[in-house]
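Here are my notes on the model, point by point. Have it open alongside as you read.

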Amino acid sequence: DDRERIQVHDEFERVQKTIAMIPEQYREVFVMRHIDGLSVKEISSILNESENVISVRIHRAIEKIKNHYD
């Protein structure tokens, strides 16, 4: 129904705004992993960083998103 579509749209916009608020280094890997669907290994290769660094950034991005979203 229309009300549900509006709620989903509003929630999507809220999530987009929240993602935009986090620092670029975290936003970049979050988008690559959770929106583009790349693996940690693929991201580390693209960004020329270790897989551990990428994993930590993804984790921190999620934490920052959670903190801003609440």
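1. Thr-18 sits in helix 1, where helices are DSSP runs of H or I with at least four residues, numbered from the N terminus. Thr-18 is buried, at a relative accessible area of 5%; buried means under 20%, exposed over 50% and partly exposed in between, with a 1.4 Å probe and protein chains only. A polar atom of the Thr-18 side chain is 2.8 Å from the backbone oxygen of Arg-14. Setting aside neighbours within four places in sequence, Thr-18 is in contact with Ile-65, His-68 and Tyr-69 (contact means heavy atoms within 4.5 Å).

2. Before going further, a word on provenance: this is a predicted model, where local features need pLDDT of at least 70, side-chain atom pairs count only at pLDDT 80 or more, and totals for chains, interfaces and linings use all residues. Residues are numbered from 1 along each chain as its sequence is written, and side-chain values use heavy atoms, with hydrogens and water left out.

3. Back to helix 1, for a check on its length. Its 20 residues (2–21) should span 28 Å at 1.5 Å a residue, and the end C-alpha atoms are 29 Å apart, which agrees; the expected span is 1.5 Å times one less than the number of residues. At the start of helix 1, a side-chain oxygen of Asp-1 comes to within 3.0 Å of the backbone nitrogen of Arg-3.

4. How do helix 2 and helix 4 cross? The axes of helix 2 (residues 24–34) and helix 4 (residues 51–69) come within 8 Å and cross at roughly 100°, which makes helix 2 roughly perpendicular to helix 4 (65 to 115 degrees counts as roughly perpendicular). The contact residues divide into eight nonpolar, two polar and four charged.

5. Val-40 lies in helix 3. Leaving out neighbours within four places in sequence, Val-40 is in contact with Arg-33, Glu-51, Ile-54, Ser-55 and Ile-58. Val-40 and Val-29 are 11 residues apart in sequence, with their C-alpha atoms 8.8 Å apart in space.

6. One backbone angle to look at: Asn-48 has a phi near 55°, a positive value in a residue other than glycine. Most residues other than glycine have a negative phi. Asn-48 is found in the loop between helix 3 (40–47) and helix 4. Is Asn-48 buried or exposed? Asn-48 is exposed, with a relative accessible area of 69%.

Terms used: Axes fitted to C-alpha atoms, helices over the stretch in contact; angles between N-to-C directions. Helix = DSSP H or I, 4+ residues; strand = E, 2+ residues; numbered from the N terminus. Parallel < 35°, antiparallel > 145°, perpendicular 65-115°, else oblique. Nonpolar A, V, L, I, M, F, W, Y, C, P; charged D, E, K, R; others polar. Polar contact = N/O pair within 3.5 Å; in protein donor to acceptor, adjacent residues only side chain to side chain.
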